[in-house]
Amino acid sequence: ADSGCDLREIENLATNTEYINVPLTVQVGEKHYKDDATLDIDAMMIEMYESKEKTASACPSPDAFLEAYRGAENVIAITITGGLSGSQNSAQLLEEAPETNIEVFDSLSASGEMVLFVQKANELIAQGLSFEEVVAALKEYLASTKLLFALARVDNLVKNGRLNKLVGAVIGMLNIRLVGNASPEGTLNLLHKAKGQKKAVQAVWSEMKKNGYKGGR
């Protein structure tokens, strides 16, 4: 997985299986941060909020994915939504390697939904299923998972020109949380403007039930 997936390692990793998290790069002004296990997230966030310049990210290179694939007989890769990053393109450039079975999934999402996918892949591999069976089961599983999010701060949206500066200031002053989801097309959509954390959680719970949530992960 690229580092759009928050999972750095997997507990109870399936036999003869390796999990690799391929890092994206985050640029804050002139500084570049590699999104790997060594990243000091608190320091990066301080720098990000203090900087008046745009924040951007860069996807892993094809070589970074090649190194992650090296030596494997079967590869299952998942990337952050192609609507936000070119990571999927980098991962797919190697999909035709004749000596390796490679299946690249565009999560059409990010973060927690990718975590669910990776954990499910490990679970299926541990069952001793064939590569083709694992891929088929993962396609079905990914279609059944969803992503909802709540934003407490919108500084980067304002700096990157995705949100009006005045609107961003009003959101901050009124303690408004933006609640949204990942669409079936892989874009991030705004669903609600909730006043305060409690109402934001209520809005997320309401959306979960609307999407058929009946318990479980």
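Predicted model: local features only at pLDDT ≥ 70, side-chain atom pairs only at ≥ 80, totals over all residues.

Biologist: At what angle do α4 and α5 pack?

Modeller: Helix α4 (residues 112–126) and helix α5 (residues 131–142) pack at about 150°, and their axes are 10 Å apart. The axes are lines fitted to C-alpha atoms, for helices over the stretch in contact, and the angles run from 0 to 180 degrees between N-to-C directions. Helices (H or I, at least four residues) and strands (E, at least two) are DSSP runs numbered from the N terminus.

Biologist: Is α4 roughly parallel or roughly antiparallel to α5?

Modeller: The angle makes α4 roughly antiparallel to α5. The classes are roughly parallel under 35 degrees, roughly antiparallel over 145, roughly perpendicular from 65 to 115, and oblique for the rest.

Biologist: Which residues of α4 and α5 meet?

Modeller: From α4, Glu-113, Leu-116, Phe-117, Lys-120, Ala-121, Leu-124 and Ile-125 meet Val-134, Ala-137, Leu-138, Tyr-141 and Leu-142 of α5. Contact means heavy atoms within 4.5 Å. By class, the contact of α4 with α5 has 10 nonpolar, no polar and two charged residues. Here Ala, Val, Leu, Ile, Met, Phe, Trp, Tyr, Cys and Pro count as nonpolar, Asp, Glu, Lys and Arg as charged, and the others, Gly among them, as polar.

Biologist: Staying with α4, where does Ala-126 stand, buried or exposed?

Modeller: Ala-126, which belongs to helix α4, counts as exposed at 54% relative accessibility. Buried means under 20% relative accessible area, exposed over 50%, and partly exposed in between (1.4 Å probe, protein chains only). The C-alpha atoms of Ala-126 and Thr-15 are separated by 6.7 Å, although these residues are 111 residues apart along the chain.

Biologist: A new topic: how many aromatic pairs are there?

Modeller: The structure holds three aromatic pairs. In one of them, the ring centres of Trp-205 and Tyr-213 are 5.9 Å apart and the planes are at 75°, so this pair is edge-to-face. Rings of Phe, Tyr and Trp (its six-membered ring) pair if their centres lie within 6.5 Å; planes under 30 degrees apart count as stacked, over 60 as edge-to-face and the rest as tilted.

Biologist: And what is the accessibility of Trp-205 and Tyr-213?

Modeller: Trp-205 is partly exposed, with a relative accessible area of 41%. Tyr-213 is also partly exposed, at 29%.

Biologist: What does Ser-87 touch?

Modeller: Not counting residues up to four places away in sequence, Ser-87 touches Asp-2, Cys-59, Pro-60, Phe-65, Thr-79 and Ile-80. Ser-87 is part of helix α3 (residues 87–92) and is buried, at 0% relative accessibility.

Biologist: Now the backbone: what is phi at Asn-12?

Modeller: Phi of Asn-12 is near 55°, a positive value in a residue other than glycine. Asn-12 is in the segment before β1 (25–28) and is exposed, at 71% relative accessibility.

Biologist: And what about Leu-108?

Modeller: Leu-108 is not a glycine, yet its phi is positive, about 55°. Leu-108 sits in the loop between β5 (101–106) and α4 and counts as partly exposed at 30% relative accessibility.

Biologist: Lastly, where does Glu-47 lie?

Modeller: Glu-47 lies in helix α1 (residues 41–50) and is partly exposed, with a relative accessible area of 23%. Leaving out residues up to four places away in sequence, Glu-47 touches Val-28, Lys-31 and Tyr-33. From C-alpha to C-alpha, Glu-47 and Gly-29 are 9.0 Å apart in space, and they are 18 residues apart in sequence.

Technical notes:
Residues numbered from 1 in each chain as written. Heavy atoms only, no water.
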